[in-house]
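Visitor: Could you walk me through how to read a model like this one, feature by feature?

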Amino acid sequence: MKRRTFLKAGLVASSAAANCVRTDREAPKGTLRVGAGSDRYNTAPGRFTLTTSRPNAHVGEPPARPNNRFEARPWLFESWTHEGEGAYVAHLRPGVLFHDGTAFTADTFITSARQFIATRDFIGLDPASLRRVDDGSVRFRSKTGSALMVDNMTHPSACLFLPRDQAGRKPIGTGPYRMVRYEPQRVLEVERFDGYWGGQSKQPRVMYRFLADPQTRLLALRASEVDIVSDVVPEMLLSIEKNDPGVTVLRSRPIRYAALFCNLHGAPPFHTLRDLRVRRALALAIDREALARVMYMGQAVPARGVLPGWMFNLGDEFPRGFGMDTAQATRLLDDAGWTRGADGMRARDGQRLRLRMVSAFPNASSVKPMPEMLAQMFSTIGVATEIVEVEDEQVYYSAYADRGQADLFLELAGNANADPTFLLYNAFHTATPWPSYRFHAPGAEVDARLDAARHGTVREEIVAHVREAHRLIVDKHVAVVPLLSVPAFVLTRPGVAINMFENVDWIDFGDATIGA
Amino acid sequence: MRGRLGRRLLWTLTTIALMSMVAFLLVAIAPGDPVVAELRFMGVPATPNTVEALRREFDLDAPLPVRYARWIVRLSRLDLGESIASGRPVAAELARALPWTLQLAFVSLVMIVALSLSTGLAAALHPYGRLTTFLRGLTIMAISIPVYWLALAAVGLGAVVLGWSTVVSDASLGGLLLPAFILSLAPGLAIGRVVRQRVIDERLEDHVRLAVALGRSPAQILIQDVGVVIGPSLVTMWATTFGYLLGGAVVVERIFDRPGLGNLALHAIAARDYPVLQAYLLCAGVAFVLVNAAADLLSAWLDPRLRRSRVDD
């Protein structure tokens, strides 16, 4: 081959590569631009989440949505009745249209629900039970006899679409926006649906840009390349100064918890926390006010439990949580036989009181510098701490949490489900489907409460059981040591206002107003 | 030459076969479960029924050797499977990401060649001058500074402070320059150091001194006497760097939000998306091996000594 030919071939290859990459169109004028995290939409049948989670682009809608107490409120279901033993009758909202003009009726609900709700195992809808009562009403049944099935339908993955369009390219829902284009890992663009039953959204078009790196999302906001950042991780807050003129930090009521999950059933050497006195001593040694001042731009508050009092109308009475009382913590450890040595650290039968703390779920960066602060606080009562930092969620679970390979597990998480039993059952019941959480289950007493809640038929009764289970888990068994209650955050550029909500999935960014 | 080609081909095929095994095993033995990861991401409890059904669907319930054999059989039919995290065919995921990476890799390669030649020759012409000292310092800095920080600083300065570029890079040449520059800086300057040293060494060789005595111009000497000798080894270095770039510049693609192979791999690692990861590792490895094989052949074609031995073959 002649050299000139070789060079020509190289040029042709380069231009071919350049042509293969579609040039991103400029966002049309009047388009609201939202910086989202990485694109994790799934288009596979049974796991379909395109446009729903996350971000939720409000293309599809679920039968019910959470209200501001996280109770299910009517949405595509105008009303529903639990007739007992998991049997339901629901009345569909009249006047609802899919984006192609198809009416939302009992028949379209049934075909859609079979594909999009019955495939979500956690909802427990029996697909064979779906029956048309009349054009606007349906009957269905829970596989487990649950009275909380509609509450579980508030999950974004229960959004309904026309089944024939679920192949993944352009889902057709009933929401205020319809999908215009989707480029995986790049962009999702939606436009206002004029036939929406719930009135017109303020923004005619919304463009979601998938920006995987948190700092890139923040820089894009500062450079006015996006108007809103919907996916805010705690690391981003460290880069924002108070009264930053380029960024407005919006926060919800506290919803997430930062907490230490105790290993109640660990095999040696991770069996120290089987002793309730040691767990209680740790809980009493923590200065939560100090943590709240340092962490999350000072926006978090000391926590008393893992569920906030406003959620489900739980109230603020229980659990009581823990104040800081190092004198009592010291007494508890003395009672447990852990005595201080010459270096101030405790030991028993020649073995030092040294705990392994794994930091953290979802990653170590999200809780920095909490582990170091906690270790310092524990050292004041003579407890040594080995901090293991894990950035990868999968390693956190598979190497440590699933196998109980630590004494304490630091987590920043929260309940986003309208089913009041969801978090406590999955995190503290011995029959939890999440294997790592079996190490935190206190046992029969809590199981009985949570089972009673799951089998309850009246919501107030269910919530009462959850309230008591929460108290037992935190106050009595100290299966978890609450640290902070943390709000959800959204970042906007100055002049952009949105209706904040605790579950970011349900914030309708299309209702944002943009000032001058 | 035919013998050289045959040996090279055999070696390449063996390497690719071994790589397929390594790619499969590395992913399979890594901690984490893709099915549980996906369910966790969806925010739904991983009930045994769901987990079992998904494991069966993605062929994760069979013993490792069986899975590997099935993977190879599917691979022979060019079926790379389906992504667990996105539900799309893996081949489509790779095809979507590849042009972004190719584009960035080509432009970066051009910059690397330009940077290495310009800085290397400039330093060679003034081996003990201020420029050389400056370039040495710059090279050390470029190599020492983490690319993540450099990229963020460049974006912050270029897009937020000066407004010369955008944070979110698009497919236009303008959107490509900054990421390509960040990517090419360290390797370009490092290879420039090699160029400098090779030119200085070559200037002392007899054939160059003879060319000087014959009164040939410095440009002629540089191209015809020095360039011909050092060219093949530089081609190998550029090709090796290009091979790495084809694997996807993970950090730069992430910071500049380019949905190329590096970004795809990063997503796949976080989600433990086995089919995507295995296909990615295999493709990146194959690209590296092929580019190196091409570089070897190109070097042989460029080097007059090897050309002569080619005749002997």
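Visitor: Let's start with chain B; how many helices and strands does the secondary structure come to?

Guide: Helices (H or I, at least four residues) and strands (E, at least two) are DSSP runs, numbered from the N terminus. Chain B has 14 helices and 0 strands. Its C-alpha atoms fill a box of roughly 85 × 60 × 30 Å along the principal axes. Bear in mind that this is a predicted model, where local features need pLDDT of at least 70 and side-chain atom pairs count only at pLDDT 80 or more, while totals for chains, interfaces and linings use all residues. Residues are numbered from 1 along each chain as its sequence is written, chains are lettered from A and ligands numbered from 1 in the order written, and side-chain values use heavy atoms, leaving out hydrogens and water.

Visitor: Now the interface: what area is buried between chain B and chain A?

Guide: The size of an interface is often given as the accessible area lost when the parts come together. Here buried area (accessible area lost, 1.4 Å probe, summed over both parts) is about 4600 Å², with carbon and sulfur atoms giving 59%. The contact (heavy atoms within 4.5 Å) takes 56 residues from chain B and 56 residues from chain A.

Visitor: How many salt bridges does the rule find across it?

Guide: A salt bridge puts a side-chain nitrogen of Lys or Arg within 4 Å of a carboxyl oxygen of Asp or Glu. The rule finds 4 salt bridges between chain B and chain A. One of them pairs Arg209(A) with Asp257(B), whose closest N and O atoms are 3.1 Å apart.

Visitor: And which classes do the residues on chain B's side fall into?

Guide: Ala, Val, Leu, Ile, Met, Phe, Trp, Tyr, Cys and Pro count as nonpolar, Asp, Glu, Lys and Arg as charged, and the others, Gly among them, as polar. The side of chain B that touches chain A has 30 nonpolar, 14 polar and 12 charged residues.

Visitor: Within chain B, at what angle do α5(B) and α10(B) cross?

Guide: Axes are lines fitted to C-alpha atoms, for helices over the stretch in contact, and angles run from 0 to 180 degrees between N-to-C directions. The axes of α5(B) and α10(B) (residues 218–246) come within 10 Å and cross at roughly 145 degrees. Their contact has 14 nonpolar, 4 polar and no charged residues.

Visitor: How about α5(B) and α8(B): what are the angle and the approach of the axes?

Guide: With α8(B) (residues 173–203), the axes come within 5 Å and cross at roughly 35 degrees. That contact divides into 22 nonpolar, 8 polar and 2 charged residues.

Note on methods
Buried area = accessible area lost by both parts, 1.4 Å probe.
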